[in-house]
Amino acid sequence: MTAMTYETLLVELKASGVLQVLLNRPDKLNAFNDTLSFELIDVLKQAEKNPEVRCVLLTGAGRGFCAGQDLQSRSFSQNDSERPHLGESIRNRYMPIILKLRTLEKPVVCAVNGVAAGAGASLALACDYRLASEHASFIQSFIKVGLVPDSGACSLLPRLVGLGRAMDLMMTGRKVSAQEALDMGMINQLLPSEELMEKAMAFSQELASGPTKAYGLLKRAVNKAMDTDLASYLSYEADLQEIAGRTDDFKEGVMAFVEKRTPVFQGQ
Ligand code: LHQ
């Protein structure tokens with residue numbers, strides 16, 4: 001078990017290969033200040049580079065998951081003479097996080113322990129799998145403060161819940177309960193709060209013992225399929241399967257099937 005030191009995150013690499021990342025500004029419902037954004041970018045880069053990491057599990061400390069941009073941070077203070085450069089902030093802080101979550105070639109699981117608002121909701125949407133506790137809720141708060149849904153929300157949310165539902169949530173900024181989120185396909189599992197972390201960790205461990213390279217290629221395939229025509233995608237898919245077919249884990253998977261045993265994947 002290895003721990004890494006950050007100011008706004010608690011990060012621990014478990015022996016199972018799960019990198020647990022806890023957003024740790026509980027007094028602010030884990031809202032993104034600059035430090036949290038840059039630390040999260042750093043931890044995701046480390047996760048990408050470190051072969052011992054075979055799954056990332058993201059969650060929040062305290063009663064919130066993440067309340068989006070820290071609206072009290074100095075760089076967002078409002079006065080008449082100066083307006084903030086939000087475009088720059090998005091490009092430097094949010095875009096790298098969302099892109100890295102989507103392109104990291106390892107599974108990313110999100111345990112939504114409480115409210116996920118604004119960019120905090122987008123953060124959850126960008127993960128590969130969402131478990132949520134009964135105390136979780138999701139708010140597309142952007143419109144409430146006069147902003148456009150960001151951090152990928154307009155791309156990710158309609159794909160998960162459909163255009164009609166996404167427009168409702170983004171235009172009204174209303175709070176969605178964990179049960180409604182489950183019903184509309186925004187989350188994968190709803191759990192009693194006392195079971196959330198145990199179940200999320202067990203699921204992450206299962207993924208961490210899987211064929212890591214195939215998960216990575218699967219993410220590449222899905223990303224490609226979301227923005228290209230079928231013929232181009234099918235050709236890309238053939239290239240990816242060529243790569244998967246050369247992995248040790250594919251060899252092990254087939255051998256285990258033939259020998260009627262459970263495969264032991266090494267992530268290679
Ligand atoms: C907060 C925050 C917060 C600071 C709770 N900031 N302190 C925007 C701009 C630029 C670039 C990129 O992207 C974005 C995207 C965005 O994320 S825009 C959307 C920003 N987020 C919001 O608008 C959500 C604001 N928060 C809320 O609406 C509520 O706090 C929710 C509904 C999340 C939770 O409500 P409650 O459960 O009633 O908790 P609370 O409001 O009492 O909050 C608890 C504390 O957390 C409180 O501090 P205090 O010192 O008074 O106890 C809040 O001030 C603080 N907090 N969100 N975003």
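Guide: The surface comes first. The model is a predicted one. Of its 268 residues, 47% count as buried.

Now the overall form. The C-alpha trace spans about 70 × 45 × 35 Å along its principal axes. The radius of gyration is 19 Å; a compact globule with 268 residues would have one near 18 Å, so the two agree. The protein holds 10 helices and 11 strands. Take the contacts between residues at least 6 apart in sequence: 66% of them join residues at least 24 apart.

To the cysteines. A search of the whole structure finds zero disulfides. A disulfide needs two cysteine sulfur atoms within 2.5 Å. Start with Cys127. Its closest cysteine sulfur belongs to Cys110, at 4.3 Å, so the pair is too far apart for a bond. Cys127 is buried, because its relative accessible area is 2% and the cut-off for buried is under 20%.

Cys154 is next. The closest cysteine sulfur to that of Cys154 lies in Cys66, 17 Å away, and is therefore too far for a bond. Cys154 has 43% relative accessibility, so this residue counts as partly exposed.

Thr212 lies in helix α8, which covers residues 212-226. Thr212 counts as buried, because its relative accessibility is 7%. Leaving out residues up to four places away in sequence, Thr212 touches Arg54, Glu105, Lys106, Asp249 and Gly267.

Lys144 sits in a loop. That loop runs between β9 (137-139) and α4 (153-161). Lys144 has a relative accessible area of 59%, so this residue is exposed. Beyond its neighbours within four places in sequence, Lys144 is in contact with Thr172 and Gly173. Lys144 and Gly210 are 66 residues apart along the chain, and their C-alpha atoms are separated by 42 Å.

Last, the charges. The protein has 29 positive and 32 negative charges, and their mean positions are 2 Å apart.

Back to your request. Cys127 is buried, while Cys154 is partly exposed. The sulfur of Cys127 is 4.3 Å from that of Cys110, and the sulfur of Cys154 is 17 Å from that of Cys66. The count of disulfides in the whole structure is zero.

Note on methods. Residues are numbered from 1 along each chain as its sequence is written. This is a predicted model: local features need pLDDT of at least 70, side-chain atom pairs count only at pLDDT 80 or more; totals for chains, interfaces and linings use all residues. Side-chain values use heavy atoms; hydrogens and water are left out. Buried means under 20% relative accessible area, exposed over 50%, partly exposed in between (1.4 Å probe, protein chains only). Helices (H or I, at least four residues) and strands (E, at least two) are DSSP runs, numbered from the N terminus. The radius of gyration is taken over C-alpha atoms; the globule rule is 2.2 Å times the number of residues to the power 0.38. Contact means heavy atoms within 4.5 Å. Lys and Arg count as positive and Asp and Glu as negative; His and the chain ends are not counted. The place of a charge is taken as NZ of Lys, CZ of Arg, CG of Asp or CD of Glu.
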